Amino acid sequence: MQALTSRAKRVERKPMTLWERLYLPGIAKGMMITFGHIFKRKPTVNYPEKTRPFSPVFRGLQVLNRDEEGRERCTACGLCAVACPAEAITMEAAERLPGEEHLYREEKYAAKYEINMLRCIFCGLCEEACPKDAVYLSETFAPANYTRKGFIYGKDELLIPDPVKQPDEYAKALGARAPRPK
Amino acid sequence: MAEEKKLFKVTIDNITIEVEPGTSILMAARRIGGEVAPPAMCYYTKLKGSGGKCRTCLVEVTAGSTADPRPMPKLVASCRTNVMDGMVVRNITSEKVIDARNGVVEFLLINHPLDCPICDQAGECSLQDLSYEHGKEGTRYEFQRRTFEKHDLGPYIQLHMTRCILCYRCVYVADQLTERREHGVLDRGDHSEIATYIKKALDHDFIGNIIDVCPVGALTDRTFRFKNRVWFLKPVEAHRECNHPKCCGKVTLWYRGEEVFRVTARKDEWGEVVDWICNECRFEKKKTSDWMIEGPTRVDRHSVISQGHYVGVVRPQEVVYDVMGGRKPKLLMDIHSVSEVNEPSIDLSKIEGPAHSTDFEPKKLTN
């Protein structure tokens with residue numbers, strides 16, 4: 001039979017030599033390799049006690065940002081949704097009522113904002129498209145879940161904590177990748 | 001037999017075309033089509049007397065005519081200058097024109113708020129296209145911008161005067177389509193604004209057309225306000241028997257799923273209305289059953305409206321039932337059981353005016 005690739009190796013079916021049939025030298029050779037690894041540097045880390053530093057271009061879970069007064073930055077302009085190659089983002093816009101100025105930055109805001117994490121490919125095009133620095137990808141992994149229902153992220157999951165009311169949680173959630181004012 | 005009319009030969013960007021005497025340079029360029037046609041913000045073919053205000057259609061005339069081949073000393077507004085026999089015009093081939101157009105765009109944007117993320121016109125806005133092509137990244141303007149309070153002109157039309165570029169198109173619509181014009185330009189210079197005197201509602205049967213002619217987002221449809229972005233909607237041509245004698249009843253319906261979010265007049269390739277429609281067609285008939293559907297509108301593939309609109313999609317057949325021996329899959333997820341967006345129970349298109357926080361009930365518990 002012709003080999004499918006040039007790298008295919010034929011299995012040798014020669015009878016074993018005496019040295020091989022002795023068995024113990026082979027065991028010893030294998031144990032040598034095993035014990036040799038004890039003195040080598042460990043390539044793994046004790047996650048979650050220790051974490052590796054992320055690459056500066058790592059793209060993780062999306063965050064919907066607020067401004068320094070705690071108002072939502074998103075205006076539901078739909079640019080993230082139209083930029084999304086996986087069509088994971090959907091939203092519904094609403095007009096800000098008088099008296100809601102402390103909640104929303106602009107006169108229009110996203111009443112509903114959803115990212116389907118089953119569809120998201122973490123390409124970061126939503127962050128690039130956003131004209132208001134409202135959505136960005138943080139250095140958090142999207143958590144696993146047992147059901148598919150748990151992967152439809154609404155505003156309760158995506159929105160960052162209020163920097164005025166919960167400054168500690170806000171600082172923790174902000175991360176290093178948040179867009180900073182120039 | 002009628003005497004054959006003498007045609008004028010005019011060369012625009014090295015393309016020669018024969019047009020009838022009395023044609024403007026802009027219309028001659030539009031007959032050639034494509035990039036040769038200068039952009040126009042204020043000129044509107046169907047409105048008499050429009051044009052000559054925005055200066056975006058400036059062109060260079062390098063030879064006035066065969067009889068007098070001297071070049072014109074300044075750039076001329078192509079919408080208001082008629083062609084002469086043997087005229088040579090340079091539009092995109094002239095550096096002077098491009099430079100002047102960049103300057104005009106910078107002037108138009110001086111007071112424009114550039115709030116495109118909020119503006120309902122975004123995606124079909126002439127000023128957006130123009131500034132995308134000619135605009136600078138930053139602004140050199142350092143002073144306070146002209147701002148106005150937004151207000152409603154009646155139940156259907158919202159006026160954002162801050163976005164206005166004073167093209168006067170809406171004034172001509174009211175003059176030429178309605179018996180009585182109730183809005184106009186008040187004050188002068190930097191203070192001039194489109195307004196009614198004072199805060200009256202515009203309620204003529206054809207006044208809705210000012211939304212379509214507005215090149216920016218100054219006049220927008222209140223029944224569509226903030227409902228959806230135009231590029232998420234699917235335009236479909238439709239018509240109905242309108243009782244209004246002057247209304248043609250031929251419109252474009254903008255669909256999202258099964259819902260008609262808005263109705264506009266049909267527009268040609270230059271973004272101009274093909275035929276005027278009445279307010280009843282535009283604002284009152286937002287059900288599919290009101291209309292005879294003709295087919296999807298042709299959208300330019302460079303337009304953002306064509307984004308994500310797939311043509312000729314064949315939906316694959318559901319094979320789960322066959323594979324499972326007729327049993328329903330246990331783990332198939334209906335997106336509406338989790339998602340709060342696009343809920344079948346809420347028809348955004350049926351809400352009068354923009355949606356508010358009161359229109360969205362608190363989260364109902366699923367799972």
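Analyst: His204(B) counts as partly exposed because 19 C-beta neighbours lie inside 10 Å; a residue is buried with 20 or more other C-beta atoms within 10 Å of its own, exposed with 12 or fewer, and partly exposed in between, the C-beta atoms being placed from the backbone. This is a predicted model, in which local features need pLDDT of at least 70 and side-chain atom pairs count only at pLDDT 80 or more, while totals for chains, interfaces and linings use all residues. Residues are numbered from 1 along each chain as its sequence is written, and chains are lettered from A and ligands numbered from 1 in the order in which they are written.

His204(B) sits in the loop that runs between strand S9 (193-196) and helix H5 (209-213) of chain B. Helices (H or I, at least four residues) and strands (E, at least two) are DSSP runs, numbered from the N terminus. The C-alpha atom of His204(B) is separated by 8.0 Å from that of Asn279(B), although the two are 75 residues apart along the chain.

Among the contacts in chain B with a separation of 6 or more, 62% join residues 24 or more positions apart; a contact requires C-beta atoms, placed from the backbone, within 7 Å. Along the principal axes, the C-alpha atoms of chain B fill a box of roughly 85 × 50 × 50 Å.

Key:
Contact = placed C-beta atoms within 7 Å.
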